[in-house]
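Please look over the sequence and the structure before reading on.

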Amino acid sequence: MKTFLLIFFLFSTAGCAGPKTVYICNSKNARKYHYTADCRGLSDCQYRIVRTTLKSAVSSNKTLCDWERDSSGTASPDL
Ligand SMILES: [Zn+2]
C-alpha cells in the first residue's frame, strides 16, 4: 500500500514537471513559440498571447522564436 502511494507520488511529480509552458501569439501568421511571455518577439503580437505547452506548440509546427534562439539564453533542455 505504501509502495503504491510512493510510486503514484513519483509519477504525478514527474507528470507535473513534464509539460513545458511556452507562449504563442494567437495569430494566423504566428510560427514561433516563446519561453517567456514578455519576450521581444511577442511584443509585436497584435493578438492575444496564449499560454500552451511546448509539445502542443511544436505539434502545430511552431519553432522557437529567433530572439530566444540567438540570445545567450540558450536554455538547457531540462530547464
Ligand atoms: Zn520569443
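Which residues make up the largest nonpolar core?

## Overview

The model is predicted. Its secondary structure consists of 3 helices and 4 strands. Read from the N terminus, the order of these elements is α-β-β-β-α-β-α.

The chain has 79 residues, of which 14% are buried. For contacts between residues at least 6 apart in sequence, 65% link residues that are at least 24 apart.

## The nonpolar core

The largest nonpolar core holds 9 residues: Val 22, Tyr 23, Ile 24, Cys 25, Ala 30, Tyr 33, Cys 39, Ala 57 and Cys 65. Strand S1 supplies the largest share of this core, with 4 residues. S1 spans residues 21-25 and is mostly covered, 4 of its 5 residues being buried.

Cys 39 is one of the core residues. Leaving aside residues up to four places away in sequence, Cys 39 touches His 34, Cys 65, Trp 67 and Glu 68. Among these, Cys 65 also belongs to the core.

## Strand pairing around S1

Which way do S1 and S3 pair, parallel or antiparallel? S1 and strand S3, which covers residues 49-53, pair in the antiparallel sense through 5 bridges. In this pairing, Cys 25 lies opposite Ile 49 of S3.

S1 is also joined to strand S2, residues 32-34, by 2 bridges, and these two strands run antiparallel. Here Tyr 23 has His 34 in S2 as its bridge partner. S1 and S2 form a hairpin, with 6 residues lying between them.

## Asn 61 and its loop

Asn 61 sits in the loop between helix H2 (54-59) and strand S4 (63-64). Most residues other than glycine have a negative phi. The phi of Asn 61, in contrast, is positive, near 65°.

Why does Asn 61 count as exposed? Asn 61 counts as exposed because it has 7 C-beta neighbours inside 10 Å.

Definitions and conventions. Residues numbered from 1 in each chain as written. Predicted model: local features only at pLDDT ≥ 70, side-chain atom pairs only at ≥ 80, totals over all residues. Buried ≥ 20, exposed ≤ 12 C-beta atoms within 10 Å, placed from the backbone. Pairing = 2+ DSSP bridges. Core = buried A, V, L, I, M, F, W, Y, C linked by C-beta atoms within 7 Å. Contact = placed C-beta atoms within 7 Å.
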